[in-house]
Amino acid sequence: MTRLTATKALFPGFLVSALIALAAQFISEHYGAPSMLMALLFGIALNFLSEEGPCSTGIAFSARTVLRFGVALLGMRISFDMAASLGWPIVAMVIGGVIATILFGMAMARLFGHGPRFAFLSAGSVAICGASAAMAISAILPRDDRTEERLVFTVVGVTLLSTLAMIIYPILAGMIGFDAQFSGVFIGATIHDVAQVVGAGFSISEETGDIATVVKLIRVSMLAPVILVAVLVIRRIGADDGTGERPALVPGFVVGFVVLLTLNSFGVFPAALTALAEELSRWALLTAIAAVGLKTSLREVVDVGLPAIALLVLETLFIGAFTIGALLWFAG
C-alpha cells in the first residue's frame, strides 16, 4: 500500500511534464522549432506548479529518474561498428575534439568568473551531445541552490547555438571546399544536438547525412567515460550533493548506458527494439527537460549573465576551429 501511495504521489507531476513534452513535440513537428527548447520554455512558464503541492514530487521524479532512464537508453543507438566504418584516424580526431573542448572550457571559465561546475557542464554539453549531455552531467554534479538555473541556461544556450550551426555550417563546409565525407565529419563533430546534426548533414547530401550521424553518435558514446572520470574526480576531492554523501563510483544510468552499448555492438537487439528504445529515450529526455523547466524560475536563469553566454560561444567556436584544422591537416 505504501508503494502504491508513493506512485500516486508521482503521477500528477509526471503527467504535467509528459503533457508539456507532447506539446513541445507538436510545435516541433508543425512549426520546426527545437522540441527540447520548447519543452524547456513551456516548463518555465508553468514554474508555479513545482511549488509545494500535488505536482512537486512527480516533477522532481521526472527531472531526475526519468532523465537517467533516457540517458541509459541512448546506449542502444551506438555500436563499435560505427567507429570502425569511419577509420580510426577520424575516430581519434573526434575523441580528441571532445577532450580538448572540455579542457579548454574548464581553463577559460576562470577568465569569465565561473567555477568548475558551470565550466564542466557547459564544456561537456558543447563537446558531447548538447542538451542530453547537459542533463546527464548535471545529474552527477554536486548540487547547490543554482543547479537548475545552470542546467536550464546551458540547455537553452546549446540548443540555440546548435540551431544556428545547422544553418551556417553546411554553407561553411562548402566555402572551405570539403567533400561529402569531410562535410559529414565536420558537421557531426561540431554541432551540439543530434537532431540538428541530422538536419544539417542531409541538407547537403544523403552520404553527408549518414556520415554526420555516425560521427555524432561516436561523440555521444563519450558520455559514459567523461561522466565516469568526473565522478572519480568528485569523489577524490570529497564534494557532495548537500546530503553529506559522495556520488556512487559508477552511477547506475552510466552502467546501463555501457551495457546497452556493448550488447548493441554484438547485435543482440533486433532493429524493432532498437527503434523503440530510441523513441523511448527521446520522450524520456523531453519529459525530463520539461520537468527541469518547471523547477526553474526565469529570473534566476537571466541572472547567469553575459559571461556565461560568452563562454558557451567560445567553446562552440573552439570545437569548430579544432575540427576544421584537423580535417585540413588530413586533407593536406
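By class, the lining of the largest pocket splits into 14 nonpolar, nine polar and five charged residues. Here Ala, Val, Leu, Ile, Met, Phe, Trp, Tyr, Cys and Pro count as nonpolar, Asp, Glu, Lys and Arg as charged, and the others, Gly among them, as polar. This is a predicted model, where local features need pLDDT of at least 70 and side-chain atom pairs count only at pLDDT 80 or more, while totals for chains, interfaces and linings use all residues. Residues are numbered from 1 along each chain as its sequence is written, and side-chain values use heavy atoms, with hydrogens and water left out.

Back to the pocket. It holds about 650 Å³ of space. Of the 28 residues that line the largest pocket, S35, V194, A195, Q196 and R282 are the closest to its centre. What is a pocket here? On a 1 Å grid over the protein atoms alone, it is an open set of points with protein on both sides within 12 Å along at least five of seven lines; a cavity is a set of points where a 1.4 Å probe fits but cannot get out; lining residues have an atom within 4 Å of a point. Grid points are joined across faces, edges and corners, and a volume is the space filled by probe spheres set on the points.

Which helix gives the most to this lining? Helix 14, with six residues. Helices are DSSP runs (H or I, at least four residues), numbered from the N terminus. Among the others that each supply at least two residues are helix 1 (2-31), helix 2 (35-45) and helix 8 (147-176).

R282, from the pocket centre list, forms a salt bridge with E279. The closest N and O atoms are 2.9 Å apart. A salt bridge means a side-chain nitrogen of Lys or Arg within 4 Å of a carboxyl oxygen of Asp or Glu. The structure holds one. Both partners lie in helix 14 (residues 271-294), three residues apart, about one turn of the helix. The cut-offs: buried is under 20% relative accessible area, exposed over 50%, partly exposed in between (1.4 Å probe, protein chains only).

Now a buried residue. S17 is found in helix 1. S17 counts as buried because its relative accessibility is 0%. Leaving aside neighbours within four places in sequence, S17 is in contact (heavy atoms within 4.5 Å) with I59, S62, T287, A290, A291 and L294.

Next, the cavities. A search of the whole structure finds two of 30 Å³ or more.

Residues lining it include M93, V94, R219 and F322. Helix 5 (88-109) and helix 16 (306-331) are the elements that give two or more residues to this lining. Helix 5 gives the most, with four.

Last, confidence. The mean pLDDT (the predictor's confidence in each residue, from 0 to 100) of the protein chain is 84, and 92% of its residues reach 70 or more. Over residues 241-245 the pLDDT is below 50, and beyond near neighbours in sequence this stretch has four contacts in the model. Where pLDDT is low, the predicted coordinates should not be read in detail.
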